[in-house]
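Thanks for coming. Please have the model open while I talk.

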Amino acid sequence: MSKNLFEQIGGEPAVNVAVDIFYRKVLSDDRISHFFDDVDMERQAAKQKAFLTMALGGPNKYSGADMRRGHAHLVARGLNDSHFDAVMENLAATLQELNVPPALIAQAAAICEGTRNDVLGK
Amino acid sequence: MASITFEGNSYRCEEGQSVLDVLLAHGVAAPHSCRSGSCQSCMMRVETGELPESSQAGIKETLRVQGYFLPCICRPGDDLTIVRPDTDTMRLEATVSHVTALSDHVVCVGLSSQTPISYRPGQFINLFKDDATARSYSLASVPDMDGELRLHVRRFANGQVSTWIHEALRPGDRVQLSPPAGDCFYLPGQAEQPLLLIGTGTGLAPLYGIARDALAQGHRGPIHLYHGSREPAGLYLVERLQELAQQYANFRYFPCLSGSEVPDGFLPGRALDLALSHAPELSGWRIYLCGNPDMVKLARKRVFLAGASMREIHSDAFTHQAA
């Protein structure tokens, strides 16, 4: 296998560019912004970066159990499939804006999809 | 359940309790102020045991490697033996050179020191009233221009430290302070970049330092300073800032009043709203936000949504609450 998804996209520098765009979309999205509103923005941006790194197949240290624990308080506040879908949409839109080829966007979407049940505590 | 050993006593740390909570619950006179991991006035050092990484957030590297951490945000998983910080690392001594009224509620405190204190305008220090009581104040002075540290202190009705400063502090008094810290300051290198500075109340202090520092370092891009208050009496240094705006073509000053009384020369409205109405598109700008914590929090979000990059948004490390 040649370069992986994370390397093809451009590695950490690409993720740094994507974080601002992605987080701005999420905060402007009425369907999900309330889940992101009441937290420290710096910390939140660090989390978005960790999320994008993971979604793009980069190095990450999150297990399924971490995902469950990390989102349990949001599930208690009503986090469901529709919100997960909204995040997926924002991710795809971010990558399109950065001219990432559709095949790579599909790979990123597949990685995220793999975390759905853990994130939603199913 | 972790245990905390401090000055010969061991205390149990219950689930969810911070090290500071545990110490205060047992009557230990531990200095503290913000209780949210930003002012660093509670800093201590670990001798044995593993610290959670997050408990060292924002501490400078040289102290971090020595085991300095913030008890107020430390929820340990491991047993810890901790000690007070070494006095000479954590405390500086200074002499009050003057306490000058800037308005009915705000004084400027000048502090001089025999050994020069190195800092950047906009950083903050903790000023100690006694061993256990400190408050954070931002530095409004610029080292090369002012030759002393200057703080702006607003008097709060029940503020222990601000009342002491306003009523008891006299020229010649010796006081203790922590070394300057924080990363809300001007960095040279992009002299053409537009800068937006928004502050309320004594949040003007760091911005006054940052703006003059940027000008002194030859910043050529626009520097727009919005200072907001409800009442005219809440704004200060108005004439000084107007002079600065006359002196430098790239510096503009907007005194904003959100209450009903708005004399000539002042803008009606909130500083944040006015700044965003003048500059609705902020991509490429560097932003400094200081003052009321709710304003700062809202402003961070709004300037980010207006296009400012997260890396370009700087804000006061601590809150200007009743002190």
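Contact here means heavy atoms within 4.5 Å. Helices (H or I, at least four residues) and strands (E, at least two) are DSSP runs, numbered from the N terminus.

Before going on, some ground rules. This is a predicted model, in which local features need pLDDT of at least 70 and side-chain atom pairs count only at pLDDT 80 or more, while totals for chains, interfaces and linings use all residues. Residues are numbered from 1 along each chain as its sequence is written, chains are lettered from A and ligands numbered from 1 in the order in which they are written, and side-chain values use heavy atoms, with hydrogens and water left out.

Which residues of H5(B) are buried? They are B:Val161, B:Ser162, B:Trp164, B:Ile165 and B:His166. Buried means under 20% relative accessible area, exposed means over 50%, and partly exposed is in between (1.4 Å probe, protein chains only).

**Salt bridges**

Over all chains there are 24 salt bridges, each a side-chain nitrogen of Lys or Arg within 4 Å of a carboxyl oxygen of Asp or Glu.

B:Arg155 and B:Glu167 form a salt bridge, 2.3 Å from N to O. B:Arg155 sits in the loop between strand S10 (149–154) and helix H5 (160–167) of chain B, and B:Glu167 in helix H5 of chain B, so the pair ties together parts 12 residues apart in sequence. B:Arg155 is partly exposed at 34%, and B:Glu167 is partly exposed at 45%.

In chain A, salt bridges with shared partners join A:Asp81, A:Asp85, A:Glu113, A:Arg116 and A:Lys122 into one network. One of its bridges pairs A:Arg116 with A:Glu113, with the closest N and O atoms 2.6 Å apart. A:Arg116 is buried, at 13% relative accessibility, whereas A:Glu113 is partly exposed at 36%.

Back in chain B, B:Arg84 and B:Glu7 meet at 2.8 Å, N to O, in another salt bridge. B:Arg84 is in the loop between strand S5 (80–83) and helix H3 (87–90) of chain B and B:Glu7 in the loop between strand S1 (2–6) and strand S2 (9–13) of chain B, so this pair ties together parts 77 residues apart in sequence.

**Where the chains meet**

In chain B, 11 residues are in contact with 11 residues of chain A. The two chains bury about 1000 Å² between them, 55% of it on carbon and sulfur atoms; buried area is the accessible area (1.4 Å probe) that two parts lose on being put together, summed over both. B:Lys301, B:Phe304 and B:Met310 supply 52% of the area that chain B buries against chain A, more than any other three residues.

How many salt bridges cross the interface of chain B and chain A? The rule finds 0.

**Aromatic rings**

Finally, the whole structure has 3 aromatic pairs over all chains. B:Tyr226 and B:Phe254 form a stacked one, at 4.3 Å centre to centre with 10° between the planes. Rings of Phe, Tyr and Trp (its six-membered ring) pair if their centres lie within 6.5 Å; planes under 30 degrees apart count as stacked, over 60 as edge-to-face and the rest as tilted. B:Tyr226 and B:Phe254 are both buried.
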